[in-house]
Amino acid sequence: MMSNEEKFEGFIQKMIDDNERQYGEEIRGKYGDGVVDGSNAKVKNITKEQYARAERLSNEVNEALRIAFEQGDPTSELAQKACELHKEWLCCFLDHYSKKAHIGVTQMYVDDPRFAAYYDKIAVGCAAFLRDAVLIYCK
């Protein structure tokens with residue numbers, strides 16, 4: 001019988017494998033093997049507590065983003081708080097944070113219908129709003 005730790009490790013490995021299968025060629029072409037391998041290594045070593053924090057941050061980002069989007073101002077305090085939370089969430093998975101990567105990821109949310117659909121569930125147009133807010137955040 002597998003321990004909870006072994007089950008968690010299997011879950012994380014499946015998440016990495018699924019991501020590689022679905023996006024591997026694309027993200028390796030865009031960001032390079034070093035960046036992707038570094039991110040995979042970070043995710044592979046994530047603890048249950050770190051993963052739970054990432055899940056909490058994801059929910060906090062989405063809630064702050066939903067309200068900020070309704071207010072309609074990407075420069076607002078809440079929109080910029082959503083960007084800070086998004087940065088913290090990204091850092092759970094990225095080996096190295098940079099403003100360029102943060103902007104690039106949010107642009108990908110706009111350009112890629114798979115990500116746009118995720119953000120459209122929060123509010124239609126939310127991906128572009130987040131990208132615009134991150135552009136301001138990263139200046």
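**Helix packing and a loop serine**

Tutor: In this predicted model, H3 and helix H6 (residues 113-122) pack with their axes 9 Å apart, at an angle of about 65°.

Student: Which residues of H3 and H6 meet there?

Tutor: From H3, Ser 58, Asn 62, Leu 65 and Arg 66 meet Tyr 118, Tyr 119 and Ile 122 of H6. By class, the contact of H3 with H6 has 4 nonpolar, 2 polar and 1 charged residues.

Student: And H5 with H7, what angle and what distance between axes?

Tutor: The angle is about 165° and the axes are 8 Å apart, for helix H5 (residues 99-111) and helix H7 (residues 126-137). H5 is therefore roughly antiparallel to H7, since angles over 145 degrees count as such.

Student: Is the crossing left-handed or right-handed?

Tutor: Left-handed, as H5 passes H7.

Student: Which residues are in that contact?

Tutor: H5 brings His 102, Ile 103, Thr 106, Gln 107, Tyr 109 and Val 110. They meet Ala 127, Ala 128, Leu 130, Arg 131, Val 134, Leu 135 and Tyr 137 in H7. By class, the contact of H5 with H7 has 9 nonpolar, 3 polar and 1 charged residues.

Student: Now the loop. Where is Ser 76?

Tutor: Ser 76 is in the loop between helix H3 (48-71) and helix H4 (77-91).

Student: Buried or exposed?

Tutor: Ser 76 counts as buried because its relative accessibility is 12%, and the cut-off is under 20%.

Technical notes
Residues numbered from 1 in each chain as written. Predicted model: local features only at pLDDT ≥ 70, side-chain atom pairs only at ≥ 80, totals over all residues. Heavy atoms only, no water. Helix = DSSP H or I, 4+ residues; strand = E, 2+ residues; numbered from the N terminus. Buried < 20%, exposed > 50% of the residue type's maximum accessible area, 1.4 Å probe, protein only. Axes fitted to C-alpha atoms, helices over the stretch in contact; angles between N-to-C directions. Parallel < 35°, antiparallel > 145°, perpendicular 65-115°, else oblique. Left-handed = near helix turned anticlockwise from the far one by under 90°. Contact = heavy atoms within 4.5 Å. Nonpolar A, V, L, I, M, F, W, Y, C, P; charged D, E, K, R; others polar.
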